[in-house]
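Have the structure open as you read.

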Amino acid sequence: MRNKQRVLRLTLAAFFVAIEIVLAVTPLGYIPIGAISITTLHIPVILGGVLMGPGFGAMVGFVFGMTSMIRATLTPTITSFCFSPFITVGGVSGNFASIVIALGPRIFLGWFSGALYRQLRKKMKSAGAASISAGVNTLLHTLLVMGLIWLFFGDAYAGAAGIAVGAVILTVLASNGIIEIILAMAVVPAVNRALRPVMERMGLRNE
């Protein structure tokens, strides 16, 4: 039974990694709405944590972080030095801090999604726990990414973007941040409700 569950977990891991990569390399991962771009890459990370637990979520989050680093390296923008140690823009080079920014918040996103859901599940139904975990973690992810950029590249980012990091945080939260939170709070509980019975039959669940 343990070997069977191990195989099932590996299969699910490959499935979630494949979804994350597909989203990263297609327009499905970054949906333009007017002047802003809405990302969906955080959703499989949160869902992985909710369904399979903190460790599994952290693994999917690592893949999210790696794809963001690769994207910043291969298709750089004026602020890609924040996410890739291989990019130099306007005399500012990415470094080890870029790796921390690209990977840290995404790994934490998956881990805390699973941990928070597990605690909330003790006090409420699955749908409510999944929705709250999705909303809280989407917000925390945005704040962590922008907070680390402010910490490590505050002046350089402000110079490249032409706007202070604090103003960017407020802009992100007031625009695509809100949409991403709503999207996660709608999609994660729905998919969790659909997949959880299957996961329970396979003996795999985050509870």
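This is a predicted model: local features need pLDDT of at least 70, side-chain atom pairs count only at pLDDT 80 or more; totals for chains, interfaces and linings use all residues.

Phe-62, Met-66, Ile-70 and Leu-74 together make a nonpolar patch of about 380 Å². One of these residues, Met-66, belongs to helix α3, which runs over residues 54-74. With a relative accessible area of 30%, Met-66 counts as partly exposed.

Now for the rings. How many aromatic pairs does the structure hold? There are six. One of them joins Phe-81 and Phe-153 edge-to-face. Phe-81 sits in the loop between α3 and β3 (88-89), while Phe-153 is part of helix α5 (residues 126-161), so this pair ties together parts that are 72 residues apart in sequence. Both Phe-81 and Phe-153 are buried.

Trp-111 and Phe-112 make a pair too, and it counts as stacked because the planes are at 25°, under the 30 degrees cut-off. Trp-111 is partly exposed at 41% relative accessibility, and Phe-112 is also partly exposed, at 22% relative accessible area.

Here are the two pairs side by side:

| Pair | Centre to centre | Angle between planes | Type |
|---|---|---|---|
| Phe-81 and Phe-153 | 5.5 Å | 70° | edge-to-face |
| Trp-111 and Phe-112 | 6.2 Å | 25° | stacked |

Elsewhere, Phe-15, Phe-16 and Phe-56 are linked into a cluster by ring pairs.

Over the ring of Tyr-30 sits the charged end of Arg-71, 4.0 Å from the ring centre. Phe-64 has the charged end of Arg-106 over its ring, 4.5 Å from the centre.

Key
Residues are numbered from 1 along each chain as its sequence is written. Side-chain values use heavy atoms; hydrogens and water are left out. Patches are made of residues with over 30% relative accessible area and no salt bridge: like charges are joined within 9 Å, nonpolar side chains (Val, Leu, Ile, Met, Phe, Trp, Tyr) within 5 Å. Accessible areas come from the Shrake-Rupley method with a 1.4 Å probe; for residues, only the protein chains shown count as cover. A salt bridge is a side-chain nitrogen of Lys or Arg within 4 Å of a carboxyl oxygen of Asp or Glu. Helices (H or I, at least four residues) and strands (E, at least two) are DSSP runs, numbered from the N terminus. Buried means under 20% relative accessible area, exposed over 50%, partly exposed in between (1.4 Å probe, protein chains only). Rings of Phe, Tyr and Trp (its six-membered ring) pair if their centres lie within 6.5 Å; planes under 30 degrees apart count as stacked, over 60 as edge-to-face and the rest as tilted. A charge sits over a ring if NZ of Lys or CZ of Arg is within 6 Å of the ring centre and within 35 degrees of the ring normal.
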